[in-house]
Amino acid sequence: MKNKKQLQIAALKNGTVIDHIPSDQLFRVVSILGISKLKTPVTIGFYLNSKKMKTKGILKISEKFFEEDEINRIALIAPCVKLNIIRDYEVIKKKMIHLPVNLKGLIKCNNPNCITNNEPMETYFNIINDMTMTVQCYYCDTRIKKEEIMMS
């Protein structure tokens, strides 16, 4: 007989598991990745116990493998998550997500006078502080904090 205290979450045949999402950021990650538009099974674990984080969120997304820009979007709001790629019920790759040094085309500049808001061009930000998740626009030097970030 299985331990009744053990959490039962369905195994994933093929897809991606995003683990160690801060609980308060889980649904923001869901929104940013457009999970509600997917037509494949998704398992969401919310406020699960975690030894490392106290509580965490987890996403299991069947038949979905993320591109680099999608992974960078996750890193913007949850910079220390673990990505597991699953094939035939086996983890074939584990990856800790970290912020890249530069962000191209992922977020909007909050300065309405910035050239990126007035000309058809891609935004470009440098990470100023990855602990507080502060970024700076390459073109106008506007600094944006994590809670003010708007995805493009």
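The dialogue below takes the features of this model in turn.

Trainee: What kind of model is this, and how are its residues numbered?

Mentor: This is a predicted model, in which local features need pLDDT of at least 70, side-chain atom pairs count only at pLDDT 80 or more, and totals for chains, interfaces and linings use all residues. Residues are numbered from 1 along each chain as its sequence is written, and side-chain values use heavy atoms, with hydrogens and water left out.

Trainee: How many helices and strands does the protein have?

Mentor: Helices (H or I, at least four residues) and strands (E, at least two) are DSSP runs, numbered from the N terminus. The protein has two helices and eleven strands. Their order from the N terminus is β-α-β-β-α-β-β-β-β-β-β-β-β. Along the principal axes, the C-alpha atoms fill a box of roughly 65 × 30 × 25 Å.

Trainee: What share of the residues counts as buried?

Mentor: Buried means under 20% relative accessible area, exposed over 50%, and partly exposed in between (1.4 Å probe, protein chains only). Of the 152 residues, 42% count as buried. Accessible areas come from the Shrake-Rupley method with a 1.4 Å probe, and for residues only the protein chains shown count as cover. The protein exposes about 9500 Å², of which carbon and sulfur atoms supply 50%.

Trainee: Which share of the contacts joins residues at least 24 apart in sequence?

Mentor: A contact means heavy atoms within 4.5 Å. Among contacts between residues at least 6 apart in sequence, 55% join residues at least 24 apart. A separate case of sequence and space is given by K52 and H20, which are 32 residues apart in sequence and 8.6 Å apart from C-alpha to C-alpha. K52 is found in the loop between β2 and β3, and its relative accessibility of 62% makes it exposed.

Trainee: Which parts of the chain does the pair K56 and D19 tie together?

Mentor: K56 forms a salt bridge with D19, with the closest N and O atoms 3.0 Å apart. Because K56 lies in strand β3 (residues 54-62) and D19 in strand β1 (residues 15-21), the pair ties together parts that are 37 residues apart in sequence. K56 is buried at 14% relative accessibility, and D19 is buried at 11%.

Trainee: What of E68 and K95: where do they lie?

Mentor: E68 forms a salt bridge with K95, the closest N and O atoms lying 3.8 Å apart. This pair links distant parts of the chain, with E68 in helix α2 (residues 68-77) and K95 in strand β5 (residues 90-96), 27 residues apart. E68 is partly exposed at 48% relative accessible area, and K95 is partly exposed at 28%. There is also a salt bridge between E70 and K64, at 3.3 Å from N to O; both E70 and K64 are buried.

Trainee: Is helix α2 largely enclosed or open, and why?

Mentor: Eight of the ten residues of α2 are buried, so the helix is largely enclosed by the rest of the structure. Among these buried residues are E70, I71, R73 and L76.

Trainee: Which residues form the nonpolar patch on the surface?

Mentor: Patches are made of residues with over 30% relative accessible area and no salt bridge; like charges are joined within 9 Å, and nonpolar side chains (Val, Leu, Ile, Met, Phe, Trp, Tyr) within 5 Å. Here F27, I44, F46 and Y47 form a nonpolar patch with about 410 Å² of accessible area together. Strand β2 (residues 42-50) supplies the largest share, three residues. F46 lies in strand β2 and is partly exposed at 39% relative accessibility.

Trainee: Where do D88 and Y89 lie, and what are their phi values?

Mentor: D88 lies in the loop between β4 (82-87) and β5, and Y89 lies in the loop between β4 and β5. Phi of D88 is near 50°, a positive value in a residue other than glycine. Y89, also not a glycine, has a positive phi of about 70°. D88 is exposed at 53% relative accessibility, and Y89 is exposed with a relative accessible area of 53%.

Methods:
A salt bridge is a side-chain nitrogen of Lys or Arg within 4 Å of a carboxyl oxygen of Asp or Glu.
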